[in-house]
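Could you take me around this model, one selection at a time?

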Amino acid sequence: MTNRILIPSALRRIARSGDSVDVEARTVGEALARLIDLHPDLGQHLYDEHGKLRSFVNVYVNDEDIRYLAQNDTPLSAGDVVSIVPSIAGGAPNVYAVDGLSPAEVKRYSRHLIMPEVAVEGQLKLKRAKVLLIGTGGLGAPAGLYLTAAGVGRIGLVDFDVVDTTNLQRQVTFGTRDVGRSKLEAAHERLHDLNPEVEFVLHETRLTSANALDIIRDYDIVVDGTDNFPTRYLVNDACVLLGKPYVYGSIFRFEGQVTVFGAKNGPCYRCLYPSPPPPGLVPSCAEGGVLGVLPGIVGAIQASEAIKWILRAGDSLQGRLLLFDALKMTFRELKLRRNPDCPVCGPNRTLHELIDYEAFCGIRGEEVENDVSVPEMGVKELKRRLDANDGVVVVDVREPHEYQICNIGGILIPLGELAARVHELDSARDIVVHCRTGVRSAHAVGFLQDAGFERVWNLRGGIHAWADEIDPSLPRY
Amino acid sequence: MIRLSPLHLASIRDHAERAYPHECCGALLGRVADAGAVPAVKDVEALHAAENRRDAEAAARRFLISPEDYREIEALARERGLEVLGFYHSHPDHPARPSEYDREHAFPWYSYLIVSVRGGRAGEPPVDLTSWVLTDDRNDFDPELIAPPDGGTQAR
């Protein structure tokens, strides 16, 4: 016995069917089950998660609504026509009802609730949202504080670092008493105090190719508060593969950048930077410095973009790279376009899974600060030779303002001036080169070797190692 | 993309202003210009103003097109060789953004055109007259481009 089901135009498109489908069934329930067997995509639009017919989906047998017959058990006779009929409903955001917010939340978020652009609807969107914050430091501190204060329902925090005194100049989540504590633990304590309504998920781990997809999968949007190239490419690729938007921020000295990458249709980080810069070319904040308030501004803009994305309010920075210069106090914008040849988001993409990003960026990770391919000398050995006064020459390739903070009496030749001043050095003598931690000086040693110097060493661990092992009175920076 | 003539847009705004402070609603009838395109390209050829079946108290922030009215609209479209492409409704004194209620009650594929009416004056594209399509996972609306019939871009 065959019955015809009439399909409304919208569902025809989903089912890729004609305006009717013929099925064999004894009851309406059976007929609809057959229909969903044939066109599984229709299931979620007809039934809710509890398997009940959605309230705005009406089913008629001939001219009768089955609600007034025997519902799904309504028997079908030969030739009966089943129609799926939507009742079309909707309406403006409901600013009066506060379903889903407790009286305490209504009070806490009242400055949001009185704005029509947010209102109860928007606050509930925030409450339902799940945001992953990668890194709780420079950018993560302000972003975490504002996302928490705004009432994002679930915030995942990723960090594995320990609070250091040098962090306090900008990482405002942490206090002096937190020095030496796990950043994750200290951030969680502070954020929970700021807003106990928020659920925090703590990921005490470095984000890697092995865990990134599993961690990011559970969130709606990612805020990247890290500042190194391998993690950026990793976060970008993982977000593109998972179709999640990710709010990018970067800071250096007085300048910052913000945009939204990775979302559907948008450009991604690889569209902007197809390949990473050679290692060592772009100094990190630890090497180049950063104005303490800069991550406050950039991180707050990242939080603002994440919140707007959740509210679907205003114009996103997606497709626009915001450039901020704190010295000139200017904001500029560059248009970002999708790269049709992008290996991860282009139509002919070649990347289908995560790769080894530290190898991709030509480094073994941030901690490995020494380039082992150049000869090295330890601080104790240097101390012995200086005490013996055997003619060893110490060259300091840091900047003059760093030399002012502390030095061990070496000849100051900043790395950038080395090529022009190489003639000041005597290649017949033993030369030990140092910087702050050994990264820049490794480049300097490589350069000197290329220039024909044979007796040249990199001071392992730089002036920091000297302060640790030889002269604790030297300030560390 | 959904293409509407300036006359259609004016009619929708007019309907929204007349219904103020209540919500107005109606159907968008027409043809699919490019069935293969994702998202679909829809050409609106006729509007059908519907009656808001909510009672007066609820009608200030809710609309409902009853199943009976829907069946009439489908029949009307079929008679003219058109199909139902979507629906329009107004948000009195609220932005032209879909609400959670809109999302929960939305059908896939249909265009949901929203016009904001503030103090009785209906808004203009791109900010105060917008169009939206439910995402495949039902979790969200994607904005839909509103364009004039000649194919040029008018507004989002």
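Start by selecting Arg312(A), which counts as partly exposed because it has 15 C-beta neighbours inside 10 Å. (A residue is buried if 20 or more other C-beta atoms lie within 10 Å of its own, exposed if 12 or fewer, and partly exposed in between, with C-beta atoms placed from the backbone.) Look at the backbone here: Arg312(A) is not a glycine, yet its phi is positive, about 55 degrees. Its place is the loop between helix 13 (294-311) and strand 13 (320-325) of chain A. Helices (H or I, at least four residues) and strands (E, at least two) are DSSP runs, numbered from the N terminus.

A word on what you are viewing: this is a predicted model, in which local features need pLDDT of at least 70 and side-chain atom pairs count only at pLDDT 80 or more, while totals for chains, interfaces and linings use all residues. Residues are numbered from 1 along each chain as its sequence is written, and chains are lettered from A and ligands numbered from 1 in the order in which they are written.

**Stop 1: the sheet in chain A**

Two strands pair if DSSP finds at least two bridges between them.

Zoom in on strand 11 (residues 246-252) and strand 12 (residues 255-261) of chain A, an antiparallel pair with seven bridges. One bridge to find there links Phe252(A) with Glu255(A).

Two residues are in contact if their C-beta atoms, placed from the backbone, lie within 7 Å.

**Stop 2: the nonpolar cores**

Which residues touch the most other members of the largest nonpolar core? Select Val131(A), Leu133(A), Leu147(A), Val222(A) and Ala306(A), out of 71 residues in that core. Its largest share, nine residues, comes from helix 13 of chain A. A nonpolar core is a set of buried Ala, Val, Leu, Ile, Met, Phe, Trp, Tyr and Cys residues joined through C-beta atoms within 7 Å.

Centre on Leu147(A): leaving aside neighbours within four places in sequence, its contacts are Val131(A), Leu133(A), Val152(A), Ile155(A), Ala303(A) and Ala306(A). Then move to a second, separate core of 63 residues, which includes Ile5(A), Ile88(A), Val44(B) and Phe107(B).

**Stop 3: where the chains meet**

Show both chains: 31 residues of chain B are in contact with 25 residues of chain A. On the chain B side, strand 5 gives the largest share, six residues. Find strand 6 (residues 88-90) of chain A beside strand 4 of chain B, where three bridges join them in the antiparallel sense. Gly90(A) has Phe63(B) as its bridge partner.

**Stop 4: backbone details in chain B**

Select Tyr20(B) and Pro21(B), joined by a cis peptide bond with omega about 10 degrees. Pro21(B) sits in the loop between helix 1 (6-19) and strand 2 (25-34) of chain B. Another cis bond runs from Pro125(B) to Pro126(B), with omega near 5 degrees.

Asp93(B) shows a positive phi near 55 degrees, in the loop between strand 5 (83-92) and helix 3 (100-104) of chain B.

Finish at Ala122(B) in strand 7 of chain B, a residue that is buried because 25 other C-beta atoms lie within 10 Å.
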